[in-house]
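Please open the structure in a viewer and keep the sequence panel at hand. The stops below are given in the order in which they may be selected.

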Amino acid sequence: MNALELKNITKTFGAVYANKNVSIDVKQGEILSILGENGSGKTTLMNMVAGIYFPDEGQIFVNGKEVVIKSPKDAFDNKIGMIHQHFKLVDVFTATENIVLGIENEKFNLKESQKRVKAITEKYGFVVDLNKKIYEMSVSEKQTVEIIKVLYRGADILILDEPTAVLTPQETRKLFDVLRKMREDGKSIIIITHKLNEVLEISDRVTILRKGELVGTVDTKDATEQSLTEMMVGQKIELNIHRDQPENVKERLVIEDLSVIKKDGTVALDNVQFTAYGGEILGIAGISGCGQKELLESIAGLQTATKKSSILYKPDDLGPQQLVGKTPKEIRNLGIALSFVPEDRLGMGLVGNMDIVDNVMLRSYKEGKSAFLNRKAPKNKADDIINELEVVTPSANTPVRRLSGGNIQKVLVGREIALQPKVLMVAYPVRGLDINSSYTIYNLLNQQKDEGVAVIFVGEDLDVLLQLCDRIVVMCSGKVLSLIHISEPTRLDVIS
């Protein structure tokens, strides 16, 4: 029996079709993956099931009965819950408080609520500190809270939007174990993703959308990465990352004894040492929370390093510059071009309510010589980013929050590269991007490398790290475990 069925769903925004006559179904106790390029309508389609949008045409059936879903409450009343790509949590509340927040007739008894929450965690194997504040959590912990939240509300149909986008392989395996237990329990699960290897591993069937329309649904056992890619894009794509050997490399960043202490007194970075060279891509590998975020932020001047730490920047036109102790503004005033694509693209990278032009201006507005802002140059740069990276948007004046997650990431990466940096630091730069767009970003990073830029790349996909990077720094608990030179490495070299 179908737990959920969509018939001829159509949704337009102005003259643009986000979805056009899409019909799909999800069986009880199965995992369905939805694939498609950025802007193909995957999230829009699921947002209509979750009550965020209302379809212009079409019907929605739950357990064979037609339903009308006009709000998230309607979705929950039909036992549907969606875990969004950008989490809907209150940072200053604990996990338990977020899970019970907003439930009507819920007595304010956290001890009793926590007992019921704990029963859910034990049933499916979740690992989370229910008394921990959200702002203290890693991305994977926040995601766990979101999943528990919809289960606590009684969801039998769960929709996960890019659930493994910034998870490490270890965290992804834990999540998949939980999803399998949920499937065995009769839950119906829909996963929106771009990771083809994970689709083949976890799902029972795959539905492919292209430009808002249904291409088809196939059994996972009959699919391959190549066949799914061709259905998504409509043509053959080479699934290999080209990597040239580094030439004429120069020292750009020499990091010695870099240590960072968190506000609670714990060690985030412990005597980290390595050198980043212009003309190479240096990968940073390690499970989430091992210090990658603090490493990039300390180089960018966003984290305070200890006094003994040294981050020496070596530009061509200046003598060596010590970055430790300088503010981000002082670093910029030195003419040091450090570009940083953060893990949290809307929390740290872009302002959702601003349009693409204004977000580009955030990096360049101080370059003006008059009291009036010059929007012409940022507008041209925004148009270049849209054209080069094929950002799906009505115009450069569209608020960033209205774009799909993948298109938001394209704007962020494009803006940083447009600064023509000497050091480009990127954390999860292809988060939420489809296969075609991901390879566009990889090619852009390789172009930066060929132009002599020192690229520092933090990613969760070991296969990508091994194909793209010239050297890999392996981190664990804030320390550098090893430095791997890429010749013929294996995944085991990095994991071990």
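**First stop: a glycine in a loop**

Select Gly-289, which sits in the loop connecting strand S13 (280-285) with helix H9 (292-299). The model being toured is a predicted one. Gly-289 has a relative accessible area of 65% and is exposed, because the cut-off for that class is over 50%.

**Second stop: a buried asparagine**

Move to helix H12 (residues 356-361), and select Asn-359 within it. Is Asn-359 buried or exposed? The relative accessibility of Asn-359 is 0%, so this residue is classed as buried; the limit for that class is under 20%. Now show the side chain of Asn-359 together with the backbone of Val-351 and Asp-355. A polar atom of the Asn-359 side chain is 2.8 Å from the backbone nitrogen of Val-351. The Asn-359 side chain also comes to 3.0 Å from the backbone oxygen of Asp-355.

Finally, select Glu-247, located in the loop between helix H8 (225-233) and strand S11 (250-261). Glu-247 is exposed, its relative accessible area being 63%.

Notes: Residues numbered from 1 in each chain as written. Predicted model: local features only at pLDDT ≥ 70, side-chain atom pairs only at ≥ 80, totals over all residues. Heavy atoms only, no water. Helix = DSSP H or I, 4+ residues; strand = E, 2+ residues; numbered from the N terminus. Buried < 20%, exposed > 50% of the residue type's maximum accessible area, 1.4 Å probe, protein only. Polar contact = N/O pair within 3.5 Å; in protein donor to acceptor, adjacent residues only side chain to side chain.
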